[in-house]
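Hi,

Here is the structure I promised to pass on. Have a look at it first, and then read on for what turned up.

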Amino acid sequence: EVIAVKGERDRPISGLVMDSRRVVPGNVFFALPGLRTHGGAFVDEAVSRGAVAVITSIMPKTIPAKVTFVQVTDPRAVMASMARRYFKRPDEDMGVVGITGTNGKTTVAHLIRHFLAGEKPVGLLGTISYDLGVRSVPSFKTTPEAIDTFGMLAQMRDAGCAHAVMEVSSHGIDQQRINGLDFAAAVFTNLTRDHLDYHDSMDEYFEVKSRLFTGELGERPGVAVINLDDTYGRKLWARLSSGQKRISFGESSDADVRADKIEFGFKSTRARIIWPEGEKVVNSPLIGRYNLSNLLAAVATVYGMGRDPAIFLERLATFIGVPGRMERVEEGQSFNVLVDYAHTDDALRNALTMLRPVTPGRLMVIFGCGGNRDRAKRPMMVKAVQEQADFAFATADNPRRENLAQIFSDMQGGTTDPRKITWIEDRRRAISLALDMAKPGDSILIAGKGHEPYQEFADTVVPFDDRLVARELIAIKRISTPSH
């Protein structure tokens, strides 16, 4: 991969960095091509901060003294392989599980970690947080860059973790952040429309996800765990060779790990879980059909890694759920309030379809569409909400650098019944109006942001947590409403 080298190769290094602002003396700086600028524009800053080597695809005309420049074809691929070696291949010392798919990654990751937990801690890299064995830090990317990924896996190994569970995004795969990573298991949950602002088509989106299973990123995973209830899952299953260890899951009768005798309730789900050697009736604290799919994914994965479901399923009773994933807000109110991360038309449809049969009253939803993201999905999200909910409050999600009026304009293309939707720019006011409207037996779904404790406006991030706002408003309304 090396095209040219200028300077000494034999040089001690103190770390790997891809952000020139984080360089300290002795670092290797990776000058990567970016969406707006090339990292080569920051080489001078990196050198001034003490970088001793620069890996780049473009060799500069003049080379600073005492700095080694290495020109390579693909700096991102080189960064992943160097990071793995620099941190002494932490993935070889732990069983690493990677979960990919449009929906369910976070819940599946938390369930797998819960089932694998024992005498040794289990690390987690995901959308909500990075749990490193002895400490936990807030997440900044679902799948971090290669340097951060291998660095944090090394911290987990050093903390005594026997396993690590990580969510794997399509961006993470496409940008080679997990190249060379040795996965004990890889899980495919489902594929629905999302991230088409990044991928050109659903087929391209699927092809990127498939790389986690086919060996294109390095070694093939020890076991591939695939959802047979999903069209793309069946397509992936057919693509993988029968010589590769595969475990399928789903409600489908031909799945290796499946469920039947299912009873969906508002606070729990009862089902019989069946695997090749046995079966067990469980009461899951997770509600809805898609959460049953998430449970089956986790069971199939841990079973595929050699554990007995009859034993580890006992732990399901102590699973406390996942922050911002169909999380119930309980403040003694006579109606139900749930906060969920659903931010695609398919996820909204799933969430509302699940709530409908267990809601005796009206089903209401508060939702919005993110700015600077796939505009084509906006009318589809409104259409899904109009099909399933009795009333909807369309509001701001994370507008980012996009005008909210433009976002609303795109969304309005999906309106089928204007009487069942109102447009409120301020998210707090939208939540407040929904709570005012609610009567005993109603359900309110606050969708889109889930666990996120902020809103993004242009270059500003402001504190905003749907769960805290809902609790605060319910308390205020209780105080202001005289008792009868």
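To start with a question: does Phe408 count as buried or exposed, going by its relative accessibility? With a relative accessibility of 7%, Phe408 counts as buried, because the cut-off for buried is under 20%. Please keep in mind throughout that this is a predicted model.

**The aromatic pairs**

Seven aromatic pairs are found in the structure. One of them joins Tyr130 and Phe140 in an edge-to-face arrangement, with 5.2 Å from centre to centre and 85 degrees between the planes. Tyr130 belongs to strand S8 (residues 129-131), while Phe140 sits in the loop between strand S9 (136-138) and helix H4 (146-158), so this pair ties together parts that are 10 residues apart in sequence. Tyr130 has 0% relative accessibility and therefore counts as buried, whereas Phe140, at 52%, counts as exposed.

Phe408 has an aromatic partner too, namely Trp423. Their pair is edge-to-face, at 5.2 Å centre to centre and with 65 degrees between the planes. Since Phe408 lies in helix H12 and Trp423 in strand S21, the pair ties together parts that are 15 residues apart in sequence. Trp423 counts as partly exposed, at 24% relative accessibility.

**The six-stranded sheet**

Strand S21 is part of an open sheet of six strands, whose order is S17-S18-S22-S19-S20-S21 and whose pairing is mixed. At the edges are strand S17 (327-328) and strand S21 (421-423), each of which pairs on one side only. Further in, strand S18 (residues 336-340) and strand S22 (residues 443-447) are paired in the parallel sense over five bridges. Val337 has Ile444 in S22 as its bridge partner.

**Helices H11 and H12**

Helix H11 (residues 377-388) lies across strand S19 (363-367), strand S20 (391-394) and S21, and runs at about 165 degrees to S19. H11 also meets helix H12 (residues 404-411): their axes come within 7 Å and cross at roughly 60 degrees. The two helices, H11 and H12, are therefore oblique to each other. On the H11 side the contact is made by Arg378, Pro379 and Val382, and on the H12 side by Ile407, Asp410 and Met411. Sorted by type, the residues of this contact of H11 with H12 comprise four nonpolar, no polar and two charged.

S14 and S15 form a hairpin that has four residues between them, and Phe264 stands opposite Thr269 in S15.

**Gly450**

Which residues does Gly450 contact, leaving aside its neighbours within four places in sequence? They are Gly324, Val339, Asp340, Tyr341, Asp466 and Arg467. Gly450 is placed in the loop between S22 and strand S23 (454-457). Its relative accessible area is 0%, so Gly450 is buried. Between Gly450 and Glu119 there are 331 residues of separation in sequence and 31 Å in space, C-alpha to C-alpha.

Notes:
Residues numbered from 1 in each chain as written. Predicted model: local features only at pLDDT ≥ 70, side-chain atom pairs only at ≥ 80, totals over all residues. Heavy atoms only, no water. Pairing = 2+ DSSP bridges. Contact = heavy atoms within 4.5 Å. Axes fitted to C-alpha atoms, helices over the stretch in contact; angles between N-to-C directions. Parallel < 35°, antiparallel > 145°, perpendicular 65-115°, else oblique. Nonpolar A, V, L, I, M, F, W, Y, C, P; charged D, E, K, R; others polar. Phe/Tyr/Trp six-rings, centres within 6.5 Å; stacked < 30°, edge-to-face > 60°. Buried < 20%, exposed > 50% of the residue type's maximum accessible area, 1.4 Å probe, protein only.
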